[in-house]
Amino acid sequence: MKSHHLTWVEIDARALRSNLQQLRKLVGREVLLAAVVKANAYGHGIDVISPLALEAGADWLAVYSLEEGLRLRKIGLQCPILLLGYVQLADIQKMVQNDLRLTVFNAETLAELAKVTGKLNRDVQVHLKVETGMNRQGVLPEHLPHVLSLLQRSEHILLEGLCSQLATAEEPDDPTYVRFQTEIFRRAVAEIEGRGVRVPVKHLLNTAGTFLLEEVRFNMVRVGISMYGLWPSDQTRRACLERAIGPGHLAPVMTWKTKVIQVKEIPAGSHISYGGTFHTTRPTRLAVLPIGYSDGYDWRLSNKGHVLIRGKRAPVLGRVTMNATMVDATDVHGVQLEDEVVLLGQQGEQRISADELADLLGTINYEVVAGINRAIPRVVVNREAPRGAGPGLEDERVRPLLSEG
Ligand SMILES: *Cc1c(COP(=O)(O)O)cnc(C)c1O
């Protein structure tokens, strides 16, 4: 049974569940797990990932924008949702009405929240972000007393959380800056609690911090990349291995697929794609793929990337174009029109990992997956079948058995 899509992303529900179960085992029952599903769930599809993450044990969802938060409400999710980013003052009312929690780092936002919640006679939970050294979003420690006084003036603004973000958790070889930031965060907590303000939820850690800094997990962690089965950095992976901490194994959740749209034999000495940057030196069997940089298949993979066809690696020949890419299928035995192609993920014994593509591109795995065009369909596979029913029909892993018969 073939997919009816031409290009699509498969989301392995079993892998996602396994990653979240490992994260839960790591942090225990007492620590809240906030699954970060910003940027279209790191390119995995916010609509499909979010409910699966909750089923697999995530307590909260965290997104960046108001639009993402509204999307989660629209698809019917009722869990706590934390917005990590900025909400314009004109949109604060909409945010409150949709029961979204807000990360606050501006006095102006608090003033607007006070006005809106007073008018609506409705509470809002906020998480105060402290600037500890990332120098992105956060209230400078010296401004905390002022911001706290603003907070306390409104009975409807509930200070639910205190948070910050580490700049170098992914680089454990040198822990100096992590210690520096952690100390500032601890002092901010002490300062606020010293004023008799109880803050129920404190959170500082992303994936790398969650793995490596057990002593500052407080009572919530915000995990993104590891839930998707990817390591935040090679240093993090090595440090976990050396110290025997962190998850034993992470299972990549995404497989990005397309199909061959033309197969043709071209002679030696042919030029391929724009600019003629690749010249064949042998008679070559070319496979054309309907995938290009507008889909998120990076132009810089021109003459560099590989894809998988029939379990074999096929190199990209010439430039990636807006909607199409050519690969060398000379050594792919029996390649045919509409053969399934893996751009990222596993096929047979071979795997193209997000890390491999990131290395080729001089970027990080986060950017590779987050850059996949959101218009491409996300399809869930390996959903838990009802007990005794065997694998579901939508289960892609049963397809080879069905089609090879
Ligand atoms: C994206 C993000 C995270 C998740 O980071 P990962 O490294 O993907 O786990 C956590 N906290 C904040 C504030 C973020 O923006």
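**Close-up views of helix packing and aromatic pairs**

**View 1. Helix α3 crosses helix α4 in a right-handed manner.** The model is predicted, with local features requiring pLDDT of at least 70 and side-chain atom pairs pLDDT 80 or more, while totals for chains, interfaces and linings use all residues. Residues are numbered from 1 along each chain as its sequence is written, and side-chain values use heavy atoms, leaving out hydrogens and water. A crossing is right-handed if the near helix is turned clockwise from the far one by less than a right angle, and left-handed if anticlockwise. Helices (H or I, at least four residues) and strands (E, at least two) are DSSP runs numbered from the N terminus. The axes of α3 (residues 46-55) and α4 (residues 66-74) come within 11 Å and cross at roughly 65°; axes are lines fitted to C-alpha atoms, for helices over the stretch in contact, with angles from 0 to 180 degrees between N-to-C directions. I46, D47 and S50 of α3 meet E68, R71 and L72 of α4, where contact means heavy atoms within 4.5 Å.

**View 2. Helix α3 has buried residues and is followed by G57.** I46, V48, I49, S50, L52 and A53 are the buried residues of α3. Buried means under 20% relative accessible area, exposed over 50%, and partly exposed in between (1.4 Å probe, protein chains only). G57, after the helix, has a positive phi near 115°.

**View 3. Y42 and Y366 form a tilted aromatic pair.** The whole structure holds 7 aromatic pairs. Rings of Phe, Tyr and Trp (its six-membered ring) pair if their centres lie within 6.5 Å; planes under 30 degrees apart count as stacked, over 60 as edge-to-face and the rest as tilted. For Y42 and Y366 the centres are 6.0 Å apart, with 35° between the planes. Y42 lies in α2 (residues 38-42) and Y366 in α12 (residues 365-370), 324 residues apart. Y42 is buried at 8% relative accessibility, whereas Y366 is partly exposed at 22%. Ring pairs join Y42, Y228 and Y366 in a cluster.

**View 4. F185 and F218 form an edge-to-face pair.** Their ring centres are 5.4 Å apart and their planes stand at 75°. F185 belongs to α8 (residues 176-194), and F218 to the loop between α9 (207-212) and β9 (220-223). F185 is buried at 0% relative accessibility; F218 is partly exposed at 29%.

**View 5. R101 lies over the face of W60.** The distance from R101 to the ring centre of W60 is 4.8 Å. A charge sits over a ring if NZ of Lys or CZ of Arg is within 6 Å of the ring centre and within 35 degrees of the ring normal.
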